[in-house]
Amino acid sequence: MRTPLIAGNWKLHKTPREAVAWFTDFRAALADHPHDRIEVALGVPATHLPGLAPLAGPAGVALAGQDLSRHDDGAHTGEIAGAMLADAGATYVIVGHSERRADHAETDAVVRDKVAAARRAGLTPILCIGEVEAERDAGRAEAVVLDQLRAALDGLEADADCAALVVAYEPVWAIGTGRTATADDAQTMSAAIRGALREARPALADDVRILYGGSMKPANAAELLAQADVDGGLIGGASLDVDALLAIVDAGQAAA
Ligand code: PEP
């Protein structure tokens with residue numbers, strides 16, 4: 001019913017030329033890793049999209065931007081609009097990553113506007129939500145995560161836009177730290193997210209993909225991806241390594 005999505009997030013790594021060389025190796029190896037039951041995507045810096053697009057399409061790999069402007073155009077120096085990402089080859093865009101919420105003071109209202117901007121550009125938003133460690137320790141993880149979700153849903157009026165959403169549950173304390181949520185914790189939070197989606201859009205909740213993100217790697221991917229409400233992964237560090245990403249692709253295909 002839901003096609004699992006294995007999505008890499010390269011963050012601020014590689015130059016455009018290095019990206020093409022990496023992808024050339026990845027594409028050659030991917031041919032020996034069946035992935036017909038899943039989708040594979042790579043979130044890359046916007047400068048990398050034009051070079052990767054001609055390679056990614058034929059390899060059946062989707063491309064994602066890592067952020068977009070909430071504006072469609074205008075006097076916003078340094079911003080990149082959704083339509084620009086789409087024209088350069090992206091079909092997905094990561095929105096509200098915790099590194100942007102923390103480093104660039106992205107509020108829930110900004111994230112809501114960016115999710116809406118992504119849909120206006122025809123991009124599929126990968127909405128990142130997740131609690132920080134102090135919030136988990138205080139027993140507030142679910143409340144924080146569902147508040148972030150509901151705020152973003154406010155930006156999506158049409159059912160079709162809501163159905164197109166991908167949600168990534170990313171506990172902030174697990175991102176780039178090597179610590180991973182247990183499979184049970186990932187499932188419990190993903191089920192809570194689906195429950196909140198069901199309250200907001202009863203007919204669509206079962207179509208929305210919910211990814212887990214936070215130090216997913218070959219050693220833990222199979223267990224995380226086997227959870228009923230975990231429909232894939234958003235993978236940072238491990239997605240920079242061809243063999244590690246391929247191992248996670250294998251785990252996704254096996255779980256699908
Ligand atoms: C991420 O960047 O979204 C992420 C989950 O990173 P890592 O896999 O490195 O924790």
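How many residues surround the ligand, and which are the closest? Select the ligand and its shell: 14 residues surround it, the closest being Lys-11, Glu-170, Gly-176, Ser-215 and Gly-237.

The model is predicted, so local features need pLDDT of at least 70 and side-chain atom pairs pLDDT 80 or more, while totals for chains, interfaces and linings use all residues. Residues are numbered from 1 along each chain as its sequence is written, and side-chain values use heavy atoms, with hydrogens and water left out.

Next, show the atoms around the ligand oxygens. An N or O atom in the side chain of Lys-11 is 2.8 Å from a ligand oxygen. For Glu-170, a polar side-chain atom lies 2.7 Å from an oxygen atom of the ligand. Gly-237 places a backbone N or O atom 2.8 Å from a ligand oxygen. Taken alone the ligand exposes 290 Å², and the protein buries 96% of that (Shrake-Rupley method, 1.4 Å probe).

Colour the shell by class: four residues are nonpolar, eight polar and two charged. Here Asp, Glu, Lys and Arg count as charged, Ala, Val, Leu, Ile, Met, Phe, Trp, Tyr, Cys and Pro as nonpolar, and the others, Gly among them, as polar.

Now select Ser-215, in the loop between strand E7 (209–213) and helix H10 (218–225); helices (H or I, at least four residues) and strands (E, at least two) are DSSP runs, numbered from the N terminus. Ser-215 has a positive phi of about 55° although it is not a glycine. Its relative accessible area is 16%, which makes Ser-215 buried (under 20%, with exposed over 50% and partly exposed in between; 1.4 Å probe, protein chains only).

Technical notes: A residue is near a molecule or strand if one of its heavy atoms lies within 4 Å of it. A polar contact is a pair of N or O atoms within 3.5 Å; within protein, one must be able to donate a hydrogen and the other to accept it, and residues adjacent in sequence count only if both atoms are side-chain atoms.
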